[in-house]
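Me: I have a structure open and want to go through its contacts. Can you take some quick questions?
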Number of protein chains: 2
Amino acid sequence: MSATHTAVTTPAPAVSCAEDCGIRDVLDRIGDKWSVLVVVELAHGKRRFRELLRAVDGISQRMLTLTVRRLERDGLVSRTVYPTVPPQVEYELTATGHSLTHLLKALADWSAAHRESIAESRRRWDAENPGSGVH
Amino acid sequence: MSATHTAVTTPAPAVSCAEDCGIRDVLDRIGDKWSVLVVVELAHGKRRFRELLRAVDGISQRMLTLTVRRLERDGLVSRTVYPTVPPQVEYELTATGHSLTHLLKALADWSAAHRESIAESRRRWDAENPGSGVH
DNA sequence: CGGGATCCAGATGGATACTG
DNA sequence: CAGTATCCATCTGGATCCCG
């Protein structure tokens, strides 16, 4: 943040596939409202259904069930049922699910690095375009 | 793919923030249906509105307008209007937008690495849970 | 405790027509 | 060419009730 040159921007375009690359595949999988939050919580260790429900703030019983089912279907989370009474179910990240946490780390890092810049850009845009309805 | 040991999985949990970390912020921004596809196309260079419309397969005029407006609002894309006739508008990634392409590269890499594993897990789950309605 | 079933509101996005 | 405006179908997710 010192010299007169502005953007350094590493040289490579980084992404250069024809259409999709599979990025949409990932986003279709974890781009929903709750998946990443559940995965982040499970990154800390095994969790029971009720524990997840309390840990992931604001999620409903129904959405936790759906989210965890989809993650299980994709092989990112394993589900273990102990036939006790009352029933006990434990959820845990699989190896694939664990690898996902590294990707989420990259997301978190990018977010932290550009959050302020983006927020400021929004404020400026909203000020210059009053009542545009864009969100 | 040779020895008897299965998952190596680098040691660190990678993500360890209390609730969100800001991952949701990123996904709220680029997790929609079209943003990443537009960014990927713009990673190749400047594009006019009509060029983007042709390049991003399936996008409607309305959605391209909305998508590119939001990207501009967040400071990821710049919009330059040449007051010619007929009008000409060029879109280009900003420095922040360019940095995003590196993140998308990570997404694409993860997708490529686990696409088959996930697809197989789905097939198995769907076979074992007929008519579950989970997607 | 760990769900499944139903109902419903709001958000997202597609199709089409019109405009400077 | 580069949008804007309107209408409408679908999808996502929240609230609630019930069940083994």
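Me: Which element gives the most to the surface near DNA strand D?
Reply: H4(B) does, with 4 residues. Helices (H or I, at least four residues) and strands (E, at least two) are DSSP runs, numbered from the N terminus. This is a predicted model: local features need pLDDT of at least 70, side-chain atom pairs count only at pLDDT 80 or more, and totals for chains, interfaces and linings use all residues. Residues are numbered from 1 along each chain as its sequence is written, chains are lettered from A and ligands numbered from 1 in the order in which they are written, and side-chain values use heavy atoms, with hydrogens and water left out.

Me: Which elements supply at least two residues there?
Reply: From chain A, helix H4 (61–73); from chain B, helix H3 (49–55), helix H4 (61–73) and strand S3 (88–93).

Me: How far is Lys33(A) from a phosphate oxygen?
Reply: A polar side-chain atom of Lys33(A) lies 2.6 Å from one on DNA strand D. For Arg48(B) the distance is 3.0 Å, and for an N or O atom in the side chain of Arg69(B) it is 3.1 Å.

Me: Switching to the protein pair. How many residues of chain A are in contact with chain B?
Reply: 63 residues of chain A, with 63 of chain B (contact means heavy atoms within 4.5 Å).

Me: What area is buried there?
Reply: About 5,800 Å², of which carbon and sulfur atoms give 63%. Buried area is the accessible area (1.4 Å probe) that two parts lose on being put together, summed over both. In chain A, Arg73(A), Leu107(A) and Trp110(A) lose the most, together 14% of what that side buries.

Me: How many salt bridges between the two chains?
Reply: 6, counting a side-chain nitrogen of Lys or Arg within 4 Å of a carboxyl oxygen of Asp or Glu. One of them pairs Asp25(A) with Arg115(B), the closest N and O atoms being 2.8 Å apart.

Key. Polar contact = N/O pair within 3.5 Å; in protein donor to acceptor, adjacent residues only side chain to side chain.
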